[in-house]
Amino acid sequence: MSVQIKLIACSILLTGMIGLAGCSSNNEAGNSESQATAPTETAVTATSEPEVSPASTPAATAPETAPETAPETAPAATSSPTETDKDSTSSNSQNSDKQLKELFELAKKGKVPGVKYAAHTGLIDEVEADWGKPDQQESAGKGIYATYTDRHVVFGFNKGSLIFDVRSSDSALQKLTLKQIEATLGKPDDTKVNGEDKIYTYQANDQYQLKFIIPSSTGTVDHISVFSEQDSFNNMAG
């Protein structure tokens, strides 16, 4: 009887030990599985929301380039025109001054630019032999006036064919103003009004007068006249 009890007790003890060994094995397996899966979850968490580099976004670069270029170009736009205008004004003043001095020197010889025939010494017959018949010829004032349209020249001559007035309406003269004339030649010796025209007269010498005819409608020269007054009276009357 006692032997059977011992066998039963041994059997129970063996069964318990086997059960404990099974539980221990299950726990170790569970721990092993949790350790194996943990890094995977961490990796997913770390890579599921990728970061964007700030350097690659437009907002990071746009503010740095825009402000630097605009302020450098603005001042240049305002300075150049002013300097150009000053140079142009100075150049025009120098040109008109030179032109007017040349006109005055020619007037002392009874001539206008580009015409070889002079008042007081030239004859209308010489002009016609060289240039041909005038486009228009008519009596006016103290003499007769012959117009050569293409040459922008008019000759006034007396009955003895002596030229006493040479007029030019060349386009180069029509840019001159009274202000420019007075700046170079001073105040005129005489001023007259003929309709809408004002005639400004300068005494070139004892023989000749230089006249500028300026319409009030334009304010610039219409034509000039080199005039020998004493020859305008020589009408060869009789």
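This is a predicted model: local features need pLDDT of at least 70, side-chain atom pairs count only at pLDDT 80 or more; totals for chains, interfaces and linings use all residues.
Let's begin in the middle. The largest nonpolar core has 31 residues, and those touching the most other members are Leu103, Val127, Trp131, Phe155, Leu210, Phe212 and Ile224. Two or more residues each come from the helices α2 (58-107) and α3 (124-131), and from the strands β2 (143-148), β3 (153-157), β4 (163-168), β6 (197-203), β7 (209-215) and β8 (223-227). The largest share belongs to α2, which gives four residues.

Now look at α3. Its buried residues are Ile124, Val127, Glu128 and Trp131. Viewed down the axis of α3, these buried residues lie within an arc of 95°, so they line one face of the helix. What do the buried residues of α3 pack against? Their partners are β1 (136-140), β2, β3 and β4. Just past the end of α3 comes Gly132, with a positive phi of about 90°.

Setting aside neighbours within four places in sequence, Trp131 contacts Val115, Tyr117, Tyr148, Arg151, Val153 and Phe155. One of these contacts has a charge: the charged end of Arg151 sits over the ring of Trp131, 4.1 Å from the ring's centre. Trp131 also forms one aromatic cluster with Tyr117, Tyr148 and Phe155.

That brings us to the rings. The whole structure holds eight aromatic pairs. In one of them, the ring centres of Tyr148 and Phe155 are 6.2 Å apart and the planes stand at 80°, so this pair is edge-to-face. Both Tyr148 and Phe155 are buried. Phe164 and Phe227 make another pair, with centres 5.9 Å apart and planes at 85°, so they too meet edge-to-face. This second pair links distant parts of the chain, since Phe164 is in strand β4 and Phe227 is in strand β8, 63 residues apart. Phe164 and Phe227 are both buried.

Finally, follow Phe227 into its strand. Is β8 mostly covered or open? It is mostly covered, with five of its five residues buried. From β8, His223, Ser225 and Phe227 point one way, while Ile224 and Val226 point the other way. β8 pairs with β4 in the antiparallel sense over four bridges, and Asp165 stands opposite Phe227 there. β8 also runs antiparallel to β7, joined by five bridges, with Phe212 and Ile224 as bridge partners. To end with a charge over a ring, the charged end of Lys211 sits over Phe227, 4.2 Å from the centre of the ring.

Methods. Residues are numbered from 1 along each chain as its sequence is written. Side-chain values use heavy atoms; hydrogens and water are left out. A nonpolar core is a set of buried Ala, Val, Leu, Ile, Met, Phe, Trp, Tyr and Cys residues joined through side-chain atoms within 4.5 Å. Buried means under 20% relative accessible area, exposed over 50%, partly exposed in between (1.4 Å probe, protein chains only). Contact means heavy atoms within 4.5 Å. The arc is that of the directions from the helix axis to the C-beta atoms. Two strands pair if DSSP finds at least two bridges between them. Rings of Phe, Tyr and Trp (its six-membered ring) pair if their centres lie within 6.5 Å; planes under 30 degrees apart count as stacked, over 60 as edge-to-face and the rest as tilted. A charge sits over a ring if NZ of Lys or CZ of Arg is within 6 Å of the ring centre and within 35 degrees of the ring normal.
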